Amino acid sequence: MLCAIIWSMESLSTYLMAEATEYEFKSALDTVKPKSWLKTVSAFANGIGGSIYFGVDDDTAKVIGIKDTKSVITKISEIIKERIEPSVSFALEPLAVDGVDVLRLNVPSGMSTPYYYVGDGNRIAYYRLGNQSVPANSHILMELTLKGQNQSFDALDSRLRPADYSFTLFDATYLRRTGHRIDKTKDYISFGLIKNDSLTNAGALFADESPIYNSRIVCTRWNGLGKTSLFEALNDANYQGNIITIFGNALDFVRNNSHKRWHKTRRGGHVDYYDYPEVAVFEAVVNAIVHRSYLIKGSEIHIDMYDDRLEIVSPGDTVDGKRIQDLKIENVPSVRRNPILCEIMQRLKYMEGRGSGLTKIVKAYPADVVPQFESTPQVFITRLKNLNYGKPLEVPEEDVPENVTINGADVTINGTINGTIKLNATEKRILELLAVNGDLSREELAGLVGKDLRTVQRGLNRLRDNGLIIRDGSKKTGSWVVKK
């Protein structure tokens, strides 16, 4: 006996509005050409899951209803078991909507990917693109295959001998940023750089002379607001090598091709207004490197600087297939395409483990300037606005209040604070960074300032002791607040 859950059209519409691309309507069950809905079953199983509602018009979303629900359930079950390989989990749920029957076919995300539609002489894996189910291209099919094997690109055997490669930069960076030396007999294995006496792809990416060509970053400072001839570009550079090197090179390129406005203050100091918040650039480049797809042949990260904006284009879409532009950034889950790369960059204090990178990018900007994120099946794009675009290099005297604004945060920064406390360059830089993002850890500050942990801690202590910053919350979970 079937027991239908009673819903109203209003409650159904409210639910579906929240689900966006995770559902599809079918006015009736098509048994003659079942591919019309089976490809969506394949796509949901290969992605984050979803539901098909039978008895709802495809175009108008108007509830039509279906007849003989029990027979329809039996037929759907038979067709899925016959046409989807491997076997996929699903659930059929009758709904009573405004007095008529609607049938919900729920397909959860599968673990044995890829799931194929088999029929008409074809065997095709589908994935979800917005509100459509489309055939998986080669790199998405490879990612689905790795997912089904509980594998990732960075964990795969590169078939390279560790003895043929050195890790001098990795070892030195680990010592500098953590204060600990690498134990080469254990740490390379435990970090996932070496497996079964062979370098993993992660190991190859961190080797001094990385042989993985797809790690390349292409940087261009274009002349104007769009791409012109490369011969007319103001500057360009291609960086190939291990991840640590190309990460630093990319940050240097952005820094060297940016400007800053400045103003001499009444007390003899000066205030700098940077094109792009350093925290935002730092997090955006890290995100591009660790979350990109390395499976797309010939792919590379592109950093394009225009007069009014900076764009970072990273190969591959979001890991779960959701369009980033449809999501609230603060609610984006932490899903790792390359878990070993993420873990190592976390150990090196270049990123956190809680998926806060995009949120930090947003927080680094003033409230009225929102960074843009866009994803397609091929790329993930981060767009950062140039805060100085269209503004004079020197800020007029009357435009600067006693408490100046740095990237949206009020803070007084001169050579002297209130005419009494003299800050050195490191302390001023720490204060600037905390004015932008009070959640920065000591390790992150050390990386951004370019100093060791002891120097940063001394700077924090002095700023705190002089009342320029206060700690809001605990040592582990709190944040720094810059006093006005």
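Helices here are DSSP runs of H or I with at least four residues, and strands are runs of E with at least two, numbered from the N terminus.

Helix 13 contributes Arg442, Glu443, Leu445 and Ala446 to the contact, while helix 14 contributes Leu453, Val456, Gln457 and Leu460, where contact means heavy atoms within 4.5 Å.

## How the model is read

Residues are numbered from 1 along each chain as its sequence is written, and side-chain values use heavy atoms, with hydrogens and water left out. Because the model is predicted, local features need pLDDT of at least 70 and side-chain atom pairs count only at pLDDT 80 or more, whereas totals for chains, interfaces and linings use all residues.

An open sheet is formed by 6 strands in the order 14-13-17-18-20-19, with mixed pairing; two strands pair if DSSP finds at least two bridges between them. Strand 14 (235–239) and strand 19 (372–375) are the edge strands, each pairing on one side only.

Within this sheet, strand 13 (residues 217–221) and strand 17 (residues 301–305) run parallel and are joined by 5 bridges, and Ile217 stands opposite Ile301 in strand 17. Helix 8 (residues 243–256) packs on the sheet, touching strand 13, strand 14, strand 17 and strand 18 (309–315), while helix 9 lies across strand 13, strand 17, strand 18 and strand 20 (379–385), at about 20 degrees to strand 18.

Most residues other than glycine have a negative phi, and most peptide bonds are trans. The bond from Glu85 to Pro86, however, is cis, with omega near -10 degrees, and the bond from Thr113 to Pro114 is also cis, with omega near 0 degrees.

Asp120, which is not a glycine, has a positive phi of about 55 degrees, and with a relative accessibility of 59% Asp120 counts as exposed, a term for values over 50% (1.4 Å probe, protein chains only). Arg159 has a positive phi near 65 degrees, is found in strand 10 (residues 157–160), and is exposed at 76% relative accessible area.

Note on methods
Axes are lines fitted to C-alpha atoms, for helices over the stretch in contact, and angles run from 0 to 180 degrees between N-to-C directions. Buried means under 20% relative accessible area, exposed over 50%, partly exposed in between (1.4 Å probe, protein chains only).
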